[in-house]
Amino acid sequence: MMKFLMMIIFMIPLCFMKNMFWLVQMMLMLIMFIFMNLSLNINNFCNLSYMMGCDLISFGLILLSIWICMLMIMASESLYKNNFYMSFFLLNIIILMMMLYLTFSMLNLFMFYLFFEGSLIPTLMLIIGWGYQPERIQAGMYLLFYTLFASLPMLMGIFFIFDCLNYLTIYFMKFFNMNLYLLYMSMIMAFLVKMPMYFLHLWLPKAHVEAPVSGSMILAGIMLKLGGYGLLRILILFQNISMKMNFIWIIISLMGGLYISLNCFCQVDMKSLIAYSSVAHMSLVISGIMTMNYWGYLGSYIMMIGHGLCSSGMFCLVNINYERLHSRSLFMNKGMMNFMPSMSLWWFLLMSSNMAAPPSMNLMGEISLINSLVSWSWLSMVMLIMMSFFSAGYSLYLYSYTQHGKYNLSIYSFYTGVSREYLMLILHWLPLNMLILKIEYFMIWF
């Protein structure tokens, strides 16, 4: 695992070489393909080095991190054209990539916490440095304070666990059970804010709306998955207490997810709509993890990977429109099918994946999560039916509003899209829909 960290660190000088952003992109792709060839043990952590190791849960999320970071560079062509501090932008992405890699590969709970919080800094710099409106400062403050207020109790909880067990190795924690309510609350609250759970989600739409396309991609693609990964790792310590307490989070998530799905129909900003749809999807993931059964863990993991690719692709589509019309409003982005018929196909493909149509990974994830939640309580079926219906509803709403209708008369010059944009969308859509062919690997992982 250390060799991959060294490869990422030695990419830093490339950021300051003139016109070398393509080389950084190719190097990230190379690292990903080498990383895919790791020999993995099905049951345990392997490739151990220092405090780092990799099991099959962290393997998929590290691959997703490298993939999304590579696509972030591809999506940020306008920064290169305008020469807008491209070197520092690339440096920021490499540092963020390094933080995410270390977060997912750490075996020590404290070191995991350190990099979990450390990944916030490059994201904040992306939003404040390359965001669009002056309100980005406020969005950055929301992101910072929501996350930090929840994470300080978690730090106290980690110190308490060390005091009790005298070690913090994640793998050995499955041999112990902690029955302390306050510890349970302090440990999971940071992850619930990061997911985010309903009631703790207000920072997400603000951050997405103000962030540049690369910031939105990393927020939707990876940052929300940090919370799910943390829950998958930490709940093993609280198995007994989870059986008594988890119904609270499931009820809040299902009710909140339904309300957020309805809220999506009221949005006029395309980025805001996709951000709220992320909260609705993540509420299903939280519910699945909190059921503490096989289907829930499997479904939430598949849903996290699928949603990371799908929502990132949708933010790319919004940015493609924004670069041409300089507006994200649904009132301005109308009748795009007249101008960009080829792009309309990609809108359709990614929207259909977002509403969990086959053959996307989102479908497999939702089926597993529905299995898990209905086996936990058949009453949850009512919420799940409505959430699935409204998720299809707001996806169709966004597609039909942007692609159909009378186009904006102020448009007088246009180009339909360049090969870079189509390649970027293909690289989101192909893994999202082709990984379903190898779904048995996900079954083995758990």
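Predicted model: local features only at pLDDT ≥ 70, side-chain atom pairs only at ≥ 80, totals over all residues.
User: What makes β1 and β2 a pair of strands?

Analyst: Pairing requires at least two bridges between the strands, and two bridges join β1 (residues 46–49) to β2 (residues 52–54), which run antiparallel. Cysteine 46 stands opposite cysteine 54 in β2, and the two strands form a hairpin with two residues between them, where tyrosine 50 in the turn has a positive phi of about 55°.

User: How do you know that the length of helix α9 agrees with its number of residues?

Analyst: Helix α9 (residues 181–194) has 14 residues, which at 1.5 Å a residue should span 20 Å, and since its end C-alpha atoms are 21 Å apart, the two values agree.

User: Why is α9 called largely enclosed by the rest of the structure?

Analyst: A residue is buried when its relative accessible area is under 20%, and ten of the 14 residues of α9 are buried, so the helix is largely enclosed by the rest of the structure. Among them are Leu183, Tyr184, Met187, Ile188 and Phe191, and Lys194 is also buried.

User: Why is the chain called as compact as a globular protein of its length?

Analyst: The chain has 20 helices and two strands. Its radius of gyration is 21 Å, close to the 22 Å that the globule rule gives for 446 residues, so the chain is as compact as a globular protein of that length. Buried residues make up 62% of the 446 residues.

Note on methods. Residues numbered from 1 in each chain as written. Heavy atoms only, no water. Helix = DSSP H or I, 4+ residues; strand = E, 2+ residues; numbered from the N terminus. Expected span 1.5 Å × (residues − 1). Buried < 20%, exposed > 50% of the residue type's maximum accessible area, 1.4 Å probe, protein only. Rg over C-alpha atoms; globule rule 2.2 N^0.38 Å.
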